[in-house]
Amino acid sequence: MTFTAPVLNYTLLSPILILLGGALIGVLVEAFVSKALRSIVQLSLTVGTLVLSLAQVWRIHNETSMSAAMGSVIIDGPAILLQASILIISIISIFLFADTDHFTALAAALPGSEEERHSLETGNQVTEVYPLTLFAISGMMLFPIASDLITLFVALEMLSLPLYLMAGLSRRRRLASQEAALKYFLLGAFSSAFFLFGMAYLYGYSASITYAGIRESVVGGSGNDVLLLIGIAFLSIGLLFKVGAVPFHAWSPDVYQGAPTPITGFMAAATKVAAFGAMLRIYYTVFANAQWSWTPLLSVIAIITMLFGSLVAIAQRDVKRMLAYSSIAHAGFLLAGVIALNKAGLEASIFYLFAYGVATVGAFAVVTLVRDSSGEVTDLNRWKGLGKRSPWVAATFAGFLLAFAGIPLTSGFIGKFSIFSAAYESGAKGVVFAGVLSSAIAAFFYIRVIVLMFFTDATQDGTSVQLPSALTRATLVISIAITIALGVYPAPLLNVISNLSTFIR
Amino acid sequence: MNWLTLLMVLPLIGSVALAVLPKENEKLVKQVALASTLVVMGATIAMAVGFQRDNIELQFVEKYAWIPSFGINYALGVDGLALVLILMSTILAPVVVLAGWNESQGGRWSVKTFYILILVLETMMIGVFAATDVFLFYVIFEAMLIPVYFLIGGYGSGERSAAAVKFLIYSLFGGLMMLASIIALYVMSGAQGGHTFDLAALSQLQMSSMTQNLLFLGFFIAFAIKAPLWPLHTWLPDAAESATPGTSVLLLGVLDKVGTFGMIRYCLTLFPDASKTFTPVILVLAVISIIYGAILAIGQRDLKRLIAFTSISHFGFITLGIFAMTSQGYSGAALYMFNHGFSTAALFLVGGWMISRRGSSTISDFGGLQRITPVMAWMFFLAGMSSLALPGMSSFVSEFLVLVGTFTRYPVHAVIATFGIVLAALYILIPVQKALHGPTTPGNENLSDLNLREKIAIAPVMAIIIVLGFYPAPLLNVINPAATHVIAQLGFSDPAPTSGGK
């Protein structure tokens, strides 16, 4: 038996390879660079890697290929758009990592232990979060371009494992942070198991693990539909878990709250792009002809997710938990784009993912600024009167909230309009109606935060807004600029998306 | 020349100018704000002179692609009705700035922010009446809420933040109902020859009567919340009570008109059949609003809430005129919108001066003002007479036209609505008697009369009310061609006058 070397198209794979290379160098930096320089070297390395990768994505933006890695990945227009979105969102959010006050000095030390105290005193801050982030991003980049189930699963684990760790890195309230990480890990492991289970059934159904093979069986319609149904159902559970759709959302409020805020922002934005990217490809190509089997179920999940997220968010008193439930509601809106199953739906979903991701990073960037002597203040009651003390920061946050609420002249409105109109066009009127209704509900709690910040008198409890560092300021300025620009004049981006939004099969 | 864009850009330039001025120099800020609004008013009048009144087509049309992938255009144009309302808005803006010279003090934020918000709002007020692309209209319709929200919540008094939130939630809810309808229109246009938001193109869409009814409701609910129609009115008294008088003038005088304007421009144009289907229900709601608003106005102790309830009654008349589907009713409603802007402005501004001098808005705290502050008292009296539609005041003409227009088709509604006029006499004359006449209430002895600035501010408002009361022809000439055209398009002809009993 002879061994044939796999034929790889390195140019098309280079965005991911660059990230992996950067991550590996990051590990070496962690081991060999002195602690005084480590932080700055890691940050520049990470940003440089991301920018290089983005440049590479730009270089290949007109390419399409089914055979870049022996049929395991597909490079096409949506793949390019999703990868570029993930990279841009990552670059914006990585600036927030520079403030080491968010991260534990030594993650390996037990909370409250002698070692922890020692590393804090000596200022021996480890910066493993950077290579971890790069590993996660490379998994996210692979997730939406995978074209067989094994690659899809590997990508899923590649993006998840670093995230589990990163969720536990918080410097303050370490126990809560570690609990969040454990919860995320356990539930993630469960969902991975479901995912694998679904894969097995799909293999049983079509005797293939490639998208093309399964699609062929679905189109042919000769297989055993029971196997297909079970396969779709379990595979969907794995994906719905990642996007935080009800009833697989239970992890998200705790993880959002427990994880260090920069990580939360990055995770909330970039993971959604990757997971929805993969979902769009699977439902739009592999399962498109079995629409009858999954649209009803997914519609119900979308409706429940929107309404549940919006309703429960009203009761939240913690800003990070509120944003977590709001992200659940947004997952519901995005599901409407999956259900639409038309070109408009694909375009709308990609636009929405990018716009929502950018606004989310910006919103969490604001959260990192509101502090008292013992760290971040996430209790909403203590955000009272923020508008008086720091009008610009409060106004920026209000801008993001208005975008989440979908008020015109923000990116959120264009996103909502396009996704709902695509869903309506496909006949999913119930989903659109539920979407409009939950938008009305959601507006209530976004506005309540604006009221707290601007119209309520401040309490004297030492909460203050930290002056943003140059990097945090960059995050804020870039994200609010994109949020408003996409609301006022979205035509250029919509054109780009429209030109590239065709899945090849 | 792109007149309408120019009108929209001018206040924005003013607001940018304000933004770079130092916060401390409040006097300069106010002067720049006043100058900006005066320039806009001048430009509007210059534009209105060039309006061809016998031409029923849209005029001053502009159209540029905005979001081509959705078929969205930046499209503007005015007919007689829109022109009149833009004129009203831009005349009221400098009046509000001048009249409320000091009302922005005591807000949560600086005087500068107040006038920036006012100027941004003025841009949107012009845009909302001028838009001929449904998407553009919706964007401005919703975006307008934000400055008003901050004006009420930031500069009002009393329970200002609660009132601001109530206003916003009601409006957003209505807006989202409308959004659902707009999405449906958009999708249907895609199925019938290409995605578009052009109002004229959308009005040609074929749809089943069920669809038409549902979409009509989406729009109508949004507009009925804006131009508060019973039972969707409850946000208005709270908002008017909390807002500064100037904000209230813009809120009731201009923003609420977007509701009645929208009923004409969007409900009647896009869904003529559904409009006819729902007419019986809407007429009943309008009559209830007239009577209900009037009765509750009589019962109010707070001057600002009283004015708010009178407005609910007046909006009932406007809605009645619109849905009577006669050209007199329509002309009356259009004229009513214009007149109501000025009579409400007069009431709120004079009322606001009374309140700020006395430090109380309770009607019974006033008394004997006719002796102490004769000019202010006369102005309040005149404003009240305009509100109850005394002959000789402009509002009389419009109310008369509405009732005549309604009577020819719906005599019962018209007769009941007439009771609103009787009640109007009560809700105006009672506060006039309590506040202006009778013995001087202790604490009022040293109130000062109107100063020169206030006299200058109120003079044009009174002049318009009285001049148009005797000679409404200039406005009616602009409105009437459009009225006849709209009614004809709906497939109605005015019933011939009949004399009963023969």
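Analyst: Helix α7 of chain B (residues 160-191) passes α9(B) in a left-handed crossing, meaning that the near helix is turned anticlockwise from the far one by less than a right angle; clockwise would be right-handed. The model is predicted: local features need pLDDT of at least 70, side-chain atom pairs count only at pLDDT 80 or more, and totals for chains, interfaces and linings use all residues. Residues are numbered from 1 along each chain as its sequence is written, while chains are lettered from A and ligands numbered from 1 in the order in which they are written.

Helices here are DSSP runs (H or I, at least four residues), as strands are (E, at least two), numbered from the N terminus. The partner, α9(B), covers residues 209-226, and the two axes are 8 Å apart at an angle of about 155°. Axes are lines fitted to C-alpha atoms, for helices over the stretch in contact, and angles run from 0 to 180 degrees between N-to-C directions. That angle makes α7(B) roughly antiparallel to α9(B), a term for angles over 145 degrees; under 35 is roughly parallel, 65 to 115 roughly perpendicular and the rest oblique.

Residues are in contact if their C-beta atoms, placed from the backbone, lie within 7 Å. Among those of α7(B) that meet α9(B) are Gly174(B), Gly175(B) and Ala184(B); the α9(B) side includes Leu215(B), Phe219(B) and Lys226(B).

The contact between the chains takes 26 residues from chain B and 24 residues from chain A. To the side of chain B that touches chain A, α7(B) gives the most, with 15 residues.

Key: Contact = placed C-beta atoms within 7 Å.
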